[in-house]
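Please open the model in your viewer and keep the selection panel at hand. The stops below say what to select and what is there.

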Amino acid sequence: MNAIREKTAQGQSRDPLLSMRGIGKTYGEVRALSDVSLTLAAGEIRAICGENGAGKSTLVKALTGIVAPDKGEVWLDGAQVHFAAPKDAQAHGINLVSQELSICPDLTVLDNIWLGALSLPFLHRRADLRSRAAEVLKRLGAEHIALDGLAGHLSTGERQLIEIARMLARDTRILILDEPTATLSDKEIHVLMSALKSLRAHGTSILYITHRLGEVFELCDHATVMRGGTVVADLPVAELTRDRLIELMLGRALGHMFPEHHIADGATFFAIDRLNVPGAAHNVSLSVTKGQIMCLTGQLGCGADEVIRVVAGLVSHANGRITLDDAEIPLGRPEVARRRGVRFVSGDRAEEGVFIDRPAWENLVAPRFVERGGAKLVQNRALRGEAAMLADRSTLARHRLPVRTGDLSGGNQQKLAFGRNIGDGAAKLILMIEPTRGIDVGARAEIYRLMRDFCEQGCAILMASSDFAEVLGIADVVATMFRGEIVKTYKTGHLDMTRLIADVTHPEEENA
Amino acid sequence: MNSDTDLSGPLRPSFESMKARITLGNAVTLFAVLVLAALALATPGFLSMPAIRSLVTTVSFTGCVAIGMTFITLSGNLMSFSLGASLSAATLVFVATLGAGIWPAILAALLFCAALNALQGWIVGYFRANPIIVTMASFAIITGVATSLTGGRGLYILTNVAAGLKGNLGPVPGPFAAFAICALIAQLILSRTALGRRIVLTGTNPRAMLAMGAEPWKAVVWAYALAGLFTGVAAVLMAARYGSGDLQHGIGMEYSAIAAVLVGGTAIEGGRGSFLRTFLGALFIAVLQSVLVLRGFSTEWQRFGMGAVVLLVILLQRK
Ligand SMILES: Nc1ncnc2c1ncn2[C@@H]1O[C@H](COP(=O)(O)OP(=O)(O)OP(=O)(O)O)[C@@H](O)[C@H]1O
Ligand SMILES: [Mg+2]
């Protein structure tokens with residue numbers, strides 16, 4: 001194994017470390033994969049790109065023994081292998097950071113990191129494990145996360161880091177990451193990129209799934225592009241451009257990613273006045289006019305998410321004053337917030353976003369069951385019509401409507417969480433936390449357009465996003481946040497990437 | 001796993017997908033049903049009119065409680081340990097109020113039982129208390145209070161007012177007709193009313209409901225209230241049938257009820273299931289019970305057999 005590492009550290013190796021050949025997988029009638037092949041050399045980072053539902057997650061699940069492929073072979077080190085379960089893959093040094101988080105909230109961070117590691121002897125030295133875990137966290141730039149703290153107290157982004165740390169702590173030859181950066185902010189992503197590059201330098205091979213195309217160009221050597229369960233391209237990243245990659249993914253060129261900004265000013269439509277959330281946000285005040293999209297941005301834990309959750313009525317221990325369209329919104333009362341026209345798209349899809357066991361169409365029309373009197377009869381036919389309309393709007397293919405939500409790809413689930421909040425005329429303010437998390441470029445452009453359309457109808461959007469390109473592209477007003485406080489508020493055009501990054505990392509120096 | 005609570009998707013299920021639904025698990029369940037049916041038919045005395053009448057009458061009592069239990073399970077609160085005790089208490093209420101006439105007595109029993117359980121639902125939903133603990137405590141409280149009030153003695157129906165409830169509807173015993181109607185009504189509530197959908201959605205993901213601005217605790221209260229209501233129906237039927245209100249009536253009822261719910265295939269974790277399933281599950285349990293009795297097993301072995309079969313069927317349903 002060392003020999004292989006050395007060989008590749010110098011350059012390309014001839015025979016690949018891993019090759020998957022002719023992999024096929026169907027779920028009932030759905031062809032998730034057909035005849036997919038890819039190779040991975042030692043010390044190579046290969047991107048797997050494709051639209052939502054293209055089959056990326058299914059492919060890596062088939063590789064790691066989470067799902068059993070119907071067809072095809074997997075070869076490792078020139079020998080054919082079969083992985084019946086993830087632990088078999090792990091025994092061969094193949095580890096997957098999956099798209100859906102699998103953190104145990106009631107265990108400590110340390111236990112979570114070592115959870116499921118095969119190399120742990122029954123009796124082990126805890127001190128040893130501690131230092132190794134701490135070292136891994138340090139590599140990810142997450143030293144601030146306490147090893148003895150409960151994982152349940154961490155934010156979504158921090159949980160994602162723990163998830164990555166878990167796989168880094170194991171002996172890994174092939175590391176697979178399925179959208180690891182969807183919940184991270186730029187700074188953490190940056191650290192993760194360098195950690196992955198240094199792994200590559202040491203000969204580890206990586207399969208990397210992402211919808212953030214910039215990462216493909218920064219990090220990856222090769223790209224496999226998938227569409228509808230097949231491979232449509234397999235080429236070195238050096239031969240790709242961003243536009244070409246998008247074209248391969250979507251099968252068409254993408255017009256503009258972001259719609260025009262809203263420039264006109266007006267009277268205050270929505271305002272937060274001196275909002276405090278103990279331990280999370282201090283003295284936050286802001287105001288939004290009709291037609292505006294306001295974006296709160298910062299690093300993990302900057303407090304943007306909490307501010308949004310307070311407005312949604314989901315935080316009980318906050319104080320401050322919130323008004324929407326001249327009516328005050330009481331704190332900690334989600335049902336009142338809804339009646340006053342507030343809609344909330346949670347950043348935590350599995351926990352707060354979708355109803356996993358229910359079909360997709362029911363997820364889209366779920367608000368109708370809430371708005372109506374309990375004894376009212378449900379017109380299933382009308383509701384299904386409405387669901388189809390909402391699916392069209394949020395670019396979800398109609399044939400997915402009867403599917404159990406848990407069987408949809410991650411991005412398509414996100415479309416449900418988003419889509420259900422754009423349906424009714426009573427909405428005035430949509431709150432969003434990372435609304436395009438895990439959504440492919442094509443659908444993303446469509447969602448930005450929808451957001452803009454919604455605002456044009458005399459409404460407003462308040463969102464939290466840590467994707468800085470998204471922040472600059474969609475927001476009319478940006479508030480940068482650091483440690484629970486707003487650093488500064490900018491109108492569109494008065495902010496650039498450098499300034500944004502400076503604000504959310506070193507606001508003190510910036511303001512001095 | 002297919003869910004029956006949505007009557008059909010936006011697309012008609014094609015023949016292909018129907019085939020896909022006949023999974024191994026379903027086949028095994030079907031097999032278990034066939035084995036039981038064969039066993040029942042081969043049991044001497046099973047196919048006699050009195051045996052069948054008694055079977056469908058007793059199944060109605062547990063069946064109505066199972067319908068109630070299904071609401072609780074669907075709402076994501078596992079099961080209630082106090083439905084049997086609620087039933088006993090409601091039979092007492094029914095008999096005690098019978099002096100005011102049959103309709104007021106029925107109303108009193110139903111309302112009492114619904115309110116008693118709604119209260120538990122409120123504690124479970126609003127304070128996010130553990131449903132197992134709350135309903136176990138309620139079991140003890142209800143039984144304790146009722147015993148001290150009655151001195152442990154039953155109340156007997158001395159007049160003829162409730163006789164109508166024992167009659168037949170054509171060839172069908174009255175209680176069984178009531179049970180079937182209850183199953184239909186419950187299914188209607190579940191799949192055709194906003195409340196029913198709220199209960200199921202709450203059972204799947206209460207936090208998503210909260211984020212949507214719904215109040216999940218209210219759906220939980222309603223689920224318990226409905227559970228109480230249908231248990232109340234069982235109480236009225238039983239009191240009329242046995243001519244008494246008695247604390248013995250409901251003993252062990254929650255066990256048979258939850259067995260019927262689970263054997264029917266409603267998911268214990270909530271959010272998936274239907275009343276048709278519970279109806280069939282109750283029938284399965286009742287037939288099994290009757291076979292065990294007719295084959296002359298002693299009470300201990302009947303219990304053993306029931307437990308073993310329930311465990312087996314539930315294991316077989318897991319994929
Ligand atoms: N357990 C399942 N049962 C049925 N269909 C499934 C299941 N898992 C995935 N699918 C289907 O397989 C297809 C591929 O899904 P997959 O999750 O691999 O997409 P993906 O490329 O990872 O998308 P995303 O970018 O949204 O994560 C989709 O059409 C999906 O609905
Ligand atoms: Mg995926």
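**Two helices in chain B**

Select α3(B) and α10(B), which are roughly antiparallel to each other (a term for angles over 145 degrees). This is a predicted model, in which local features need pLDDT of at least 70, side-chain atom pairs count only at pLDDT 80 or more, and totals for chains, interfaces and linings use all residues. Residues are numbered from 1 along each chain as its sequence is written, chains are lettered from A in the order in which they are written, and side-chain values use heavy atoms, without hydrogens and water.

Helix α3 covers residues 49–74 of chain B and helix α10 residues 216–242 of chain B, and they pack at an angle of about 170° with their axes 7 Å apart. Next, show the side chains in contact (heavy atoms within 4.5 Å): among them are B:Phe61, B:Val65 and B:Phe71 in α3(B), and B:Tyr224, B:Phe230 and B:Leu237 in α10(B). By class, this contact has 16 nonpolar, four polar and one charged residues.

**Domains of chain A**

Now colour chain A by its domains, which are domain 1 (6–250), domain 2 (256–341 + 428–512) and domain 3 (357–424). The centres of domain 1 and domain 2 of chain A, taken over C-alpha atoms, are 32 Å apart, and their contact takes 21 residues from domain 1 and 14 residues from domain 2.

**The largest cavity**

Finally, select A:Ala182, A:Arg212, A:Arg437, A:Gly438 and A:Arg444, the closest to the centre of the largest cavity among the 13 residues that line it. The lining has one nonpolar, five polar and seven charged residues, and it draws at least three residues from each of domain 1 and domain 2 of chain A.

Terms used
Axes fitted to C-alpha atoms, helices over the stretch in contact; angles between N-to-C directions. Helix = DSSP H or I, 4+ residues; strand = E, 2+ residues; numbered from the N terminus. Parallel < 35°, antiparallel > 145°, perpendicular 65-115°, else oblique. Nonpolar A, V, L, I, M, F, W, Y, C, P; charged D, E, K, R; others polar. 1 Å grid on protein atoms, 1.4 Å probe; cavity = no way out; pocket = protein on both sides within 12 Å on 5 of 7 lines; lining within 4 Å. Domains from an automatic or database assignment.
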